[in-house]
Amino acid sequence: IEELEMRYTTSVDKGLTSSFAREVLERDGLNELKPPKGTPEYVKFARQLAGGLQCLMWVAAVICFIAFGIELGRGNLTSFDDLYLAIVLITVVVVTGCFGYYQEFKSTNIIASFKNLVPQQALVIRDGQKNQINANELVVGDLVEIKGGDRVPADIRIITSQGCKVDNSSLTGESEPQTRSPECTHENPLETRNVAFFSTTCLEGVATGVIINTGDRTIIGRIASLASGVGNEKTPIAIEIEHFVDIIAGLAIFFGFTFFVVAMFIGYAFLEAMIFFMAIVVAYVPEGLLATVTVSFTSTITSVCSTSVICSDKTGTLTQNRMTVAHLWFDNHVHAADTTEDQSGQSFDQSSETWRSLARVAALCNRAIFKPDQEGIPIPKRIVVGDASETALLKFTELTVGNTMDYRNRFKKIVEVPFNSTNKFQLSIHELEDPLDLRYLLVMKGAPERILERCSTILVKGQELPLDEQWSESFQTAYMDLGGLGERVLGFCHLYLNEKEFPRGYQFETDDMNFPTSGLCFAGLISMIDPPRATVPDAVMKCRTAGIRVIMVTGDHPITAKAIAANVGIISEGSETVEDIAQRKRIPVEQVNKSEARACVISGGQLKDMSSDELDEALRNHPEMVFARTSPQQKLIIVESCQRLGSIVAVTGDGVNDSPALKKADIGVAMGIAGSDAAKNAADMILLDDNFASIVTGVEQGRLIFDNLKKSIAYTLTKNIPELTPYLVYITVSVPLPLGCITILFIELATDIFPSVSLAYEKAESDIMHLKPRNPRRDRLVNEALAVYSYFQIGAIQSYAGFTDYFTAMAQEGWFPLLCVGLRGQWEDVKLQDLQDSYGQEWTYSQRLYQEYTCYTVFFVSIEICQIADVLIRKTRRLSAFQQGFFRNRVLVSAIVFQLCLGNLLCYCPGMPNIFNFMPIRVQWWFVPVPFGILIFVYDEIRKLGVRRHPGSWWDQELYY
Amino acid sequence: MSGSKEDDRKGSSEWREFFWNPRTHELLGRTAASWGLILLFYLIFYLCLAGMFAFTMYIMLLTLDDYKPTWQDRLATPGMMIRPKGNQLEITFSTSDTESWDGFIHNLNSFLSPYNDSYQVQTNDECTPDEYFIQEDSGEECSGVLDRFYGYDKGQPCILIKLNRVIGMLPGKERQSPYVTCAAKREDSDKIGLLAYYPPNGTFNLMYYPYYGKKAQVNYTQPLVAVKFLNASLNTDINVECKVTSNTLAAGSDRDKFAGRVSFKLRINDK
């Protein structure tokens, strides 16, 4: 303590002088967590507006403005289309940007929650006086007082303490209260008892201490900076979408530029060629896609789909997070207790006399009590005041014997010695239930070997037998067996005190133990474990079939970890660790061929000594891995190692100190119940019920959504071809323009949005949990087959449909196809008011313009009709649409109906021709593209049939996406 | 730096390998056989599609009537146009400068050549003799027969007004022919001076309607109305609007400035 005074030039009773404190404050800065030097918000927003597609759309909008400006300058303004188009494009970019920004904003406010952890006020002793000051003015060396309910204002070395307990859950995620006292118990500052950490909560008691770290130098501050230093790893789905957007943007520029050059070559003016470029970009870029994807698919669950490794916590995730009595040993037999969550399991034989004695010891020698007013709640769910094993015993006796509280009242407690680490037992002395029996009953529980030392007899079938070698040996075997199951074992014994030596009213002294504590009668062993959740073994099995590897990473003891791992199937039946093989073959561990061992348990201590190569090697060699006694920092190392091996890693975590690992992982999974805010913020998804099985369900849904996203993108991409071809034909063959830019935007942003979103609700085609996880390098979201099939086959059919309808509408109004070719110059001549059609009729410019709008509408309707066929074929990639069922996806059916209604509204609503260039078209023209729609459907059914019948064939390879 | 360079080199060699892989003889990720197969597939695919397209177009064309378009949705109000037609619908010339109106004269001459008596006699014979109305009714001023320069040299220009052809259009009922009226726009109303219409009252005689299409009436020449500006103000812009009045044709919409009306600017300079 003197050393402490020296180091921080303070005094343990007077504290710092205010003037010195001010100096230190100036030197170290305020006691608060500095937000990392993040990118400013406007830069983040700007970045959202500057993606590949967004840039293209900006360029297109600028071209529109220029074109509009030039037209305006020349004074021959015919329409405001260019202006509209520019405004719509900018709106699309900005709205999409806002969505993206919001998504990013949600995921990066991690530091904000750290901020909330800072305490407001602190009681500090300066100049020998107690002052209440703002916690952010504290400095190193300050003497502070904390009491129950306070937040610890900085990292504090405890000097004096009275029953001080802190809750470190905001730091480690473990919610068990921990005692804080002046003694140093461990070299590691995280483990020692005499340091209380910044932002943890003091639960009870009072303590004073010297501040040793403030602000960002505190443990939590370091974790915060570590978490922000790890950097935001992109989720796999984000990478996929970026990849795909880059390709689209690249192709759009390629097409645009090619036709720009072609147009210039043919002899169009520069401005016209620029407008062509703009139009091609507008036609080719799927404007609505980004919005669709952001809205309906970036639920974080999508990112889980490609998981190939899950690093799971044990406590709470794989297990129920409550100690439960698992086994009992009495009468020389091991009895199994019921550990299921809902007490549906088998119970054991309770007829033995020994059991009655054991149950009595267990019930009496127990300080845990139920919180009052919980009668209606099932016993396992009741809240108990007491430590974990006492809670387990209380619930156990409550279940087996019945009303424990009442039972304890009947055996009046005279005195008790609580458990402490030196004698490692707990005892209490009770009056007997029978008022005539004046003996006292001494009951004791504790570490089995210590209890056995104090016993001279053993209860067997109600008989007290002398505890000889043979019994000792069978005790040892039972103790080792239960310990080997990873269970926490307690021994129980009792003694009736002689009524003559200890008459009523005898003064029992707990300090000098004026009563016998040896020569007791051994009753039995009870072992406890935190049992696995019922659903977990199935979930682990599912992971196996789905090709996902489950790695357990826990802070627990290796034996417990291994036992639970074996229990839930992470270590499968018949798998052995190197140690197991050594034991079986009776050879030293070094001689065992490591590749024989499928399973491996590595403790934190071993991990510390391993190089990263060795760790990679171990992960590669042993498919079944358990890491025990690991620190959260080591979790990060494990995650990095898995990622080096090319896996997509999902990690669960709850404590603040898990947040670096959660951020580093491809998919960070935070616990919804036990998790701290920082962990939740660092995570990509939050498990509401903390259950491992939910992760697996998440993977399943993620895979489904990945599939559906693929379908949705295929649907969205298809229509870009029939949007693009009109322009290409317009430029090269000079027909009157079949499809305008504004109409294209209506397809992209209005009518086709709903069907593409509705594909998200499509049911799975097959058992997606029997497939291997996708390889992120090979199985892209948008692969070659998908793009080629959408663009060059379905898109081509749609284009033909559009042109058929276009030429029909033109011909029926008097413009035969052959006349249309090369007509562009005259058709678009504003001064030509008497252009002759194929019948010799003469048309004014305005009449021709409305005819052009009619063509837009007709082309629009054709794309609509074909897209209905398209959405029907996109329901499945492999199965026949008839196998999938047409009406099972209600959302999709209503989306089609909605799409048709919207199309009709656009066509027939008065005023449309002059606002959005839609004309009321003849009903017949709705039916012209129908044969092409049927063709699309039939063709795709043939494709799927081929894919199903001949897997692996040329047809399958080329046409299955 | 060196690391990134190495990566670059690796990346580019990957690209080169993708473009042409000498080990597997793959061009752009496919072997020759694979390319052949896929191209054959697309050839057949597109041939089938083109065939289907051609077939549907053929069927569609079969349904069309040779003499009358299926629909005439856009042509409810016929357009109107003037002759001579300059670049900007502006007729600006100087009476003294021959060059300035020479183009107009040529324009009118060529436009009126099918209306020539002898030509009409050769090609059209079944109509009433009134057909060659320009020559007979207004010949003296605007036919180009009596006055070769259509009055342009005297500062009394003739403007011909024509109604666009629309098949089956009946521009009047109860024997009332549609007629054209020309007027200056508001601020120019005192500059326009007197007008003379040929034929009198500016009617399109009903006997020329309806039109049956260029297949049925190969040499159809639509009726014209000529307007002669007798004493328009000189050296000033005159905005003139001519309108057709009919008891069957709907008034054109506001947006189409050439449906049932036509506006042009006239400027006669004396130098």
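**Reading a predicted two-chain model**

Me: Where is the place of Pro84(B)?

Reply: Pro84(B) sits in the loop of chain B between β3 (80–83) and β4 (90–94), in a model that is predicted.

Me: What makes the peptide bond from Arg83(B) to Pro84(B) worth a remark?

Reply: The peptide bond that leads from Arg83(B) into Pro84(B) is cis, and its omega is near -5°.

Me: What is there to say about phi of Arg629(A), and where is Arg629(A) found?

Reply: Phi of Arg629(A) is near 50°, which is a positive value in a residue other than glycine. Arg629(A) belongs to the loop of chain A that runs between β22 (624–628) and α22 (632–644).

Me: Why is the link of Cys182(B) and Cys242(B) called a disulfide?

Reply: The name requires two cysteine sulfur atoms within 2.5 Å, and the sulfur atoms of Cys182(B) and Cys242(B) are 1.9 Å apart, so the pair qualifies as a disulfide. The structure holds 1 disulfide over all chains. The link of these two residues, Cys182(B) and Cys242(B), is right-handed, with 110° about the S-S bond. Since Cys182(B) lies in strand β6 (residues 179–184) and Cys242(B) in strand β9 (residues 237–245) of chain B, the pair ties together parts that are 60 residues apart in sequence.

Me: How do you know that Lys711(A) forms a salt bridge with Glu765(A)?

Reply: The rule asks for a side-chain nitrogen of Lys or Arg within 4 Å of a carboxyl oxygen of Asp or Glu; the closest N and O atoms of Lys711(A) and Glu765(A) are 3.3 Å apart, so the pair meets the rule. Because Lys711(A) lies in helix α25 (residues 692–718) of chain A, while Glu765(A) lies in the loop between α28 (753–758) and α29 of chain A, the pair ties together parts that are 54 residues apart in sequence. Over all chains, a search of the whole structure finds 30 salt bridges.

Me: What makes Lys162(B) and Glu842(A) a salt bridge?

Reply: The side chains of Lys162(B) and Glu842(A) meet at 3.5 Å from N to O, and the cut-off is 4 Å, so this pair also counts as a salt bridge. Across the interface of chain A and chain B the rule finds 4 salt bridges, and there are 18 residue pairs in polar contact, both residues being at pLDDT 80 or more. Several elements of chain A each supply at least two residues of the side that touches chain B, among them α32 (845–874) and α37 (930–949). The largest share of that side, 13 residues, comes from α29(A).

Me: How many residues of chain A are in contact with chain B, and what area do the two chains bury between them?

Reply: In chain A, 48 residues are in contact with 48 residues of chain B. Chain A and chain B bury about 4100 Å² between them, of which 58% is on carbon and sulfur atoms. On the side of chain A that touches chain B, 23 residues are nonpolar, 17 polar and 8 charged.

Me: Which residues of chain B does UniProt list for "transmembrane region", and how much of that span is helix?

Reply: An unreviewed UniProt entry lists residues 37–64 of chain B under that name. In the model, residues 37–64 of chain B are 96% helix and 0% strand, with the end C-alpha atoms 41 Å apart. For chain A, the unreviewed entry's listed regions include residues 891–911 and 923–939. Residues 891–911 of chain A are 86% helix and 0% strand, and their end C-alpha atoms lie 31 Å apart. Over residues 923–939 of chain A the chain is 82% helix and 0% strand, with 26 Å between the end C-alpha atoms.

Notes:
Residues are numbered from 1 along each chain as its sequence is written. Chains are lettered from A and ligands numbered from 1 in the order in which they are written. This is a predicted model: local features need pLDDT of at least 70, side-chain atom pairs count only at pLDDT 80 or more; totals for chains, interfaces and linings use all residues. Side-chain values use heavy atoms; hydrogens and water are left out. UniProt positions are given in the numbering used here, feature names are shortened, and annotations may be inferred rather than shown by experiment. Helices (H or I, at least four residues) and strands (E, at least two) are DSSP runs, numbered from the N terminus. Contact means heavy atoms within 4.5 Å. Buried area is the accessible area (1.4 Å probe) that two parts lose on being put together, summed over both. A polar contact is a pair of N or O atoms within 3.5 Å; within protein, one must be able to donate a hydrogen and the other to accept it, and residues adjacent in sequence count only if both atoms are side-chain atoms. Ala, Val, Leu, Ile, Met, Phe, Trp, Tyr, Cys and Pro count as nonpolar, Asp, Glu, Lys and Arg as charged, and the others, Gly among them, as polar.
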